[in-house]
Amino acid sequence: MSQDLFSERLAEAMEKNDLRQADLIRIAAEQGHKLGKSQLSQYLSGKVTPRAQAVVILAQALGVSEEWLQEGDAAPAESAAEPAPAPSAASQPQETTVSTTGEKGTAAARGRQGEGSSMRQFTKSHKLDNVLYDIRGPVLDEAYRMEDQGIHVLKLNIGNPAPFGFRTPDEVVKDMQDQLTECEGYSNSRGLFTARKAIMQYDQLKGIPNVDVEDIYTGNGASELIQLAMNAFMDEGDEILVPSPDYPLWTACATLAGGTAVHYICDEQANWYPDIDDIRSKVTPRTKGIVVINPNNPTGALYPREVLQEIVDVAREHQLVIFADEIYDRLVMDGKQHVSIASLAPDLFCITFNGLSKSHMVAGYRIGWMSLSGNKRIAKDLIDGINMLSNMRLCSNVPAQSIVQTCLGGIQRSQQLLQPGGRIYEQREYVYDRLSHMDGVTVTKPEAAFYIFPHLSEEKFHITDDDQFALDLLKDKHVLITAGKGFNWAKPGYFRIVYLPRKHTLHEAMDALEDFLSYYRQD
């Protein structure tokens with residue numbers, strides 16, 4: 001079954017029945033089946049080929065044959081009449097039976113009618129048609145369904161420290177508690193002065209040039225600020241260079257803002273460092289900026305100064321804005337040091353994103369920031385746009401802002417976790433060692449963060465569909481990982497593992513994965 005053919009047939013059947021995605025999902029639910037929104041969007045986009053059971057569900061909901069959906073037989077249904085033409089605005093609605101299931105009325109009628117009355121339906125914006133965020137996509141939906149049935153799932157999919165026993169330092173919790181009564185009102189839209197002052201001083205220690213308190217914006221996590229920055233920066237037709245693999249929020253936000261994310265390759269054979277020649281080849285007259293994720297999610301790569309300098313040279317040559325995602329800069333192992341790319345580019349305009357979610361194990365507090373640095377004279381109008389969007393959301397979470405000064409100025413307790421004997425260090429060592437000894441698996445040792453991005457041999461496993469691999473692993477072994485395509489990595493056979501769970505959980509998961517790979521093949 002061709003992905004493109006299936007997506008075309010699915011769209012054709014929905015159009016003929018005057019169905020939107022929400023209608024089709026509801027019809028399936030009425031017939032006792034569950035379809036996820038993200039799942040259906042991927043079928044329509046041609047990015048995912050559904051499994052046999054999903055084809056049956058879709059065919060039944062649409063009133064067409066399974067064979068027609070998959071192979072393109074001559075008629076859309078085995079014994080169906082052609083749908084009546086759409087009524088004009090002045091005519092009365094007409095309904096024609098096209099269902100082969102024996103139910104009365106069209107699929108459209110079943111989808112759009114409530115209890116005896118016609119109901120207006122609301123669908124998502126077309127701006128979201130090409131936006132994907134598969135870290136929390138169909139595979140996770142299936143994991144939730146399994147858990148609802150009482151099945152225990154080993155979750156290696158999301159970098160959320162708290163569920164795995166990582167605790168916020170006591171002094172941070174105490175600081176927030178003591179300041180709660182002072183955080184009941186809005187702050188300045190950029191954030192509390194004390195928080196921004198501490199961030200400014202942190203940036204100065206990192207060598208980031210020309211940063212003042214007014215150049216710093218706090219946010220509900222760095223994620224909010226990434227979206228804000230993309231909305232302020234991108235116009236229709238603009239291009240921005242984004243790494244592949246990437247943290248998919250960057251591609252999603254650039255797309256949602258009306259721009260185009262053009263992916264440059266990070267080279268697995270070179271420790272997952274960005275391929276500078278590929279970056280150069282992707283620059284066009286429409287290119288406005290470049291995103292650098294360092295340390296990288298999902299690979300855990302830490303870029304050396306020499307690689308960063310080459311990226312700066314390209315940005316300087318083509319007058320690009322640099323967007324630096326450095327949320328993991330305090331989670332570096334093996335005695336390495338993180339270099340902020342903005343420190344190498346005083347003559348360029350840079351926006352650096354950071355936060356406390358990972359380094360201080362406070363992902364739920366939602367506190368991040370972005371710092372504007374370098375040559376701000378060339379970005380005055382852009383900064384006005386950033387200010388406007390910042391003012392529109394009033395301010396970020398004030399109680400969370402109140403802990404920034406304590407977190408950045410106090411003892412960095414996470415550093416103990418990154419040394420030999422520390423939990424993150426030892427769990428990385430364990431997972432890397434286990435993966436390295438699995439037949440048909442190659443993996444690069446990460447130097448930062450808490451992710452690893454293994455590769456399955458094409459010759460041994462014949463992987464053509466990452467999502468299918470992730471689903472099969474989940475259903476067979478109850479282990480949840482994230483497929484490589486979820487990080488805008490085109491080559492199949494890759495997946496991300498989060499090594500935050502305790503070692504006994506990782507041991508169970510690695511045993512299950514190794515056994516699964518001993519027999520699994522995609523043909």
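Me: How many disulfides does a search of the whole structure find?

Reply: A disulfide is a pair of cysteine sulfur atoms within 2.5 Å. A search of the whole structure finds 0 disulfides. This is a predicted model, in which local features need pLDDT of at least 70, side-chain atom pairs count only at pLDDT 80 or more, and totals for chains, interfaces and linings use all residues. Residues are numbered from 1 along each chain as its sequence is written, and side-chain values use heavy atoms, with hydrogens and water left out.

Me: Does cysteine 266 count as buried or exposed, and what of cysteine 395?

Reply: Buried means under 20% relative accessible area, exposed over 50%, and partly exposed in between (1.4 Å probe, protein chains only). Cysteine 266 has 1% relative accessibility and therefore counts as buried. Cysteine 395, at 12%, counts as buried too. Across the protein, buried residues make up 55% of the 523 residues.

Me: How is a pair of aromatic rings described?

Reply: A pair of aromatic rings is described by the distance of the centres and the angle of the planes. Rings of Phe, Tyr and Trp (its six-membered ring) pair if their centres lie within 6.5 Å; planes under 30 degrees apart count as stacked, over 60 as edge-to-face and the rest as tilted. The structure holds 19 aromatic pairs. In one of them, phenylalanine 233 and phenylalanine 323 have ring centres 5.0 Å apart and planes at 65 degrees, so this pair is edge-to-face.

Me: Which parts does the pair of phenylalanine 233 and phenylalanine 323 tie together?

Reply: Helices (H or I, at least four residues) and strands (E, at least two) are DSSP runs, numbered from the N terminus. Phenylalanine 233 lies in helix α10 (residues 221-233) and phenylalanine 323 in strand β7 (residues 321-325), so the pair ties together parts 90 residues apart in sequence. Both phenylalanine 233 and phenylalanine 323 are buried.

Me: How far apart are the ring centres of tryptophan 250 and phenylalanine 353?

Reply: Their centres are 5.3 Å apart and their planes stand at 85 degrees, so the pair is edge-to-face. It links distant parts of the chain, with tryptophan 250 in helix α11 (residues 249-256) and phenylalanine 353 in strand β8 (residues 349-355), 103 residues apart. Tryptophan 250 counts as buried because its relative accessibility is 0%, and phenylalanine 353 counts as buried at 0%.

Me: Which residues do ring pairs link into a cluster?

Reply: Trp272, Phe453, Phe487, Trp489 and Tyr494 are linked into a cluster by ring pairs.
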